[in-house]
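Me: I would like a close look at a single part of this model, the place where two chains meet. Please take the interface step by step and give the cut-off behind each term.

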Number of protein chains: 2
Amino acid sequence: MTRPVRVLPRTDNSLNDGTRMVEGTSGQRSTANDTAVTAMLGTDPVLTDVVPALIALPGMTPQTILTSGAPMEWPEYVGGQRRAILGAAVYEGLAASVEEADSLLHEGRILVRPCHDYACVGSVTGVTSASMPVWVVADASTGSRGHCLLYEGSERQRLTYGVWNETVHQRLVWVRDVLSPQLSAALRSTGGLRVNPIIRRALGMGDDLHSRNTAATAVLFQQLYGAVLDANGLSTSTREVLAFLSQNDLFFLHVAMATGKCIADVAAGTPHSSIVTAMALNEKQFAIRTAGTGDRWFRSPIPALDAKLFDDIGVEDTAFMGGESLITETVGLGGLAAAAAFSLQDYSGGSAQHMVRTTEAMYGITQVEHPLWKIPSLGFRGVPFGIDAARVASTGIAPSIHMGAALREGGHAGAGVLVAPVEPFREAVDVLEGALPTA
Amino acid sequence: MTRPVRVLPRTDNSLNDGTRMVEGTSGQRSTANDTAVTAMLGTDPVLTDVVPALIALPGMTPQTILTSGAPMEWPEYVGGQRRAILGAAVYEGLAASVEEADSLLHEGRILVRPCHDYACVGSVTGVTSASMPVWVVADASTGSRGHCLLYEGSERQRLTYGVWNETVHQRLVWVRDVLSPQLSAALRSTGGLRVNPIIRRALGMGDDLHSRNTAATAVLFQQLYGAVLDANGLSTSTREVLAFLSQNDLFFLHVAMATGKCIADVAAGTPHSSIVTAMALNEKQFAIRTAGTGDRWFRSPIPALDAKLFDDIGVEDTAFMGGESLITETVGLGGLAAAAAFSLQDYSGGSAQHMVRTTEAMYGITQVEHPLWKIPSLGFRGVPFGIDAARVASTGIAPSIHMGAALREGGHAGAGVLVAPVEPFREAVDVLEGALPTA
């Protein structure tokens, strides 16, 4: 079966940027946090389309490759994240080989940029290039849009997990040329699917919407299969698409991620607010953003992941290679909603009781209880929503994150709980309070 | 919203039949109960087909109308159950009017029989006539087969809820002529769907498989839509069928019921065993059967249902009109699996904690924990399986049953918990111990 392990990051680079000064007080912060959270809760995210990244993402260019986490210089990427970026360069035809791609990246003729700066989030390596299709989740009232690549399939070898070869290439082509056009046609014919009711329903069916999306995927399928058939007819490729949607329990995760980004970005830039708007990993660092500190990343080394690995996998086989699915925790799902997803207990927490205690602790560092997303085991209490960096800093209680473990050579290795380091939250608060310079 | 009420049965007829003597001891009983439960757990129920009752049910005749609960004489049926039986007689063309049907029923030229004697169970009125299609759930190793009508739809007016009119008639015709042939073709093309994995999965997604079948219905849809399309092509009627399967959250209930009957009947007739093989309601009585007492019913008045009714419905608007969905509790689901289905707490139990206590109490009156059907909130403990009438009798703890409340004039009025009366269990044990004559 499986056994518990601690997956340790291999490197330890803590770097923070920034120089500009602002001031902030606790009273200002409280009002600002109310503003930020009210804005986020005022959104009504709608899954509207699937569109190539070049068209969907503001500022995207053919020479840009997005990846997970706070940005690093190209030579800093050394593992799966590097392999996936090189693969994407070849996939896009920007280079004829990974060697040529490496040269072009060194020269800055291919650019590596963080997903989060492009209204986008990515799973694991998060590598997203111009022609790859992304989900579009939009809020009409604010105009906010969140995007995320489509789920690539359950094969061990995926660009998501840092693998680039002909099999991965062919799968990406299928996602681009078959899956995405059919989903786009289906979604456009429906006028879009509201995501809040799907998440609400899935929380009542044992999902946390991060490590477990089994129910949300089933509910999405019930809502979307008809539009897929109506828009595309019944053909061999339609049957492939429907099979893909109905047989991959994590399929909805990337919709949940795009939704989280759509919601969180509404709060970004709220002056003085210490509400967290992003948590992300690159290969070497955990990093956060808060509403009041804008685009600045507060970074720290990656803490250990308490994980249970699948059979025949040792901790030496695993590696961190980035990840922005933590956007689900940023909006109250994943580890914050642990008490909704007892089926994950063997991987995340050890027992139902522990998962209840996890969510209860998260109420201590969040601004409100979500009015729509409810947890049955807690008497339909709303999920803890709006992580307040100031409360993390003052209590020392850090967000509990449900995360998958990645195989060093590619693939899904298991799952577990990553407790965020407190330092980046403290540092963000110091900046908000004017004790530290801002970026 | 909704409010808690106690739905009281309107009549109070306790009758028990029987004369034959047997003997039994506690040691014999213990061995017999192990035998009975082992046999039930040895089944692997497979959903194989949808077939007209006349063909599927052993002993069924064109003049027979099956209904829920221990049998009564025709004049004893006075409410919704009576209306549904009369409607079915007209539906089958056995009579030109309900008045003629009434005469033929009085004369015994149309027969009313209990579903349970025909390898069948029925929801609420449970009225099943010759041409109506039933699910077939079969266990290959024992040859046991359980059957149940298809879900009739979510309209308030249903034969299931004691309504007979032209709208109900047309819906039954659609179920017979459109839904059933397509499902039959689909299931036969798959070679059948194993039910145990679906129930296991649904318990991990918040279903109790009685009052809540939301997840099981979604999982069944994921497994069956492709076969529906392959076997029937894509047409307007196929789209109607797929919409029906994907939009009725209780659709799976009748599959769970046929499965329960398939499993329970394997234990029926085990000498000396006090394991319960049926619990059922007619309009006036709650009744049980045990493995060691064969076809005999042990009856008592219907206890109060602690229910929460939908808006604008008063307790005076409700009525008991039979029901055999209690077969789900008979095999460890429904109220016995309360701790799996916290989403039901407003209707059944009041809180997640109460639902945990309910399931915990059920371990005290059951033989084993099911090896496959697990409850995440209890650390994946198996559902309490194999209700032992002797333990009910000695502890005074009776099965907790998750039940829908019916509107007197037809329709679903709400849901709640019915705690079974202890007397029938005591009486069955007395018979098993030779203290009372057997039937």
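Which kind of contact do the side chains of Arg239(A) and Asp230(B) meet in?

Reply: The side chains of Arg239(A) and Asp230(B) meet in a salt bridge, with N to O at 2.6 Å; the term stands for a side-chain nitrogen of Lys or Arg within 4 Å of a carboxyl oxygen of Asp or Glu. This is a predicted model, in which local features need pLDDT of at least 70 and side-chain atom pairs count only at pLDDT 80 or more, while totals for chains, interfaces and linings use all residues. Residues are numbered from 1 along each chain as its sequence is written, chains are lettered from A and ligands numbered from 1 in the order in which they are written, and side-chain values use heavy atoms, with hydrogens and water left out.

Between chain A and chain B the count is four salt bridges, and the interface also holds 17 residue pairs in polar contact, both residues being at pLDDT 80 or more. A polar contact is a pair of N or O atoms within 3.5 Å, where within protein one must be able to donate a hydrogen and the other to accept it, and residues adjacent in sequence count only if both atoms are side-chain atoms.

On the side of chain A that touches chain B, helix H7 (214-232), helix H8 (236-247) and helix H11 (352-363) of chain A each supply at least two residues, these helices being DSSP runs of H or I with at least four residues, numbered from the N terminus. H7(A) gives the most to that side, with 10 residues. The residues of the side divide into 13 nonpolar, 13 polar and six charged, where Ala, Val, Leu, Ile, Met, Phe, Trp, Tyr, Cys and Pro count as nonpolar, Asp, Glu, Lys and Arg as charged, and the others, Gly among them, as polar.

As for the extent of the interface, 32 residues of chain A are in contact with 32 residues of chain B, contact meaning heavy atoms within 4.5 Å. Together the two chains bury about 2600 Å², 55% of it on carbon and sulfur atoms; buried area is the accessible area (1.4 Å probe) that two parts lose on being put together, summed over both. Met205(A), Gln222(A) and Tyr225(A) supply 23% of the area that chain A buries against chain B, which is more than any other three residues.
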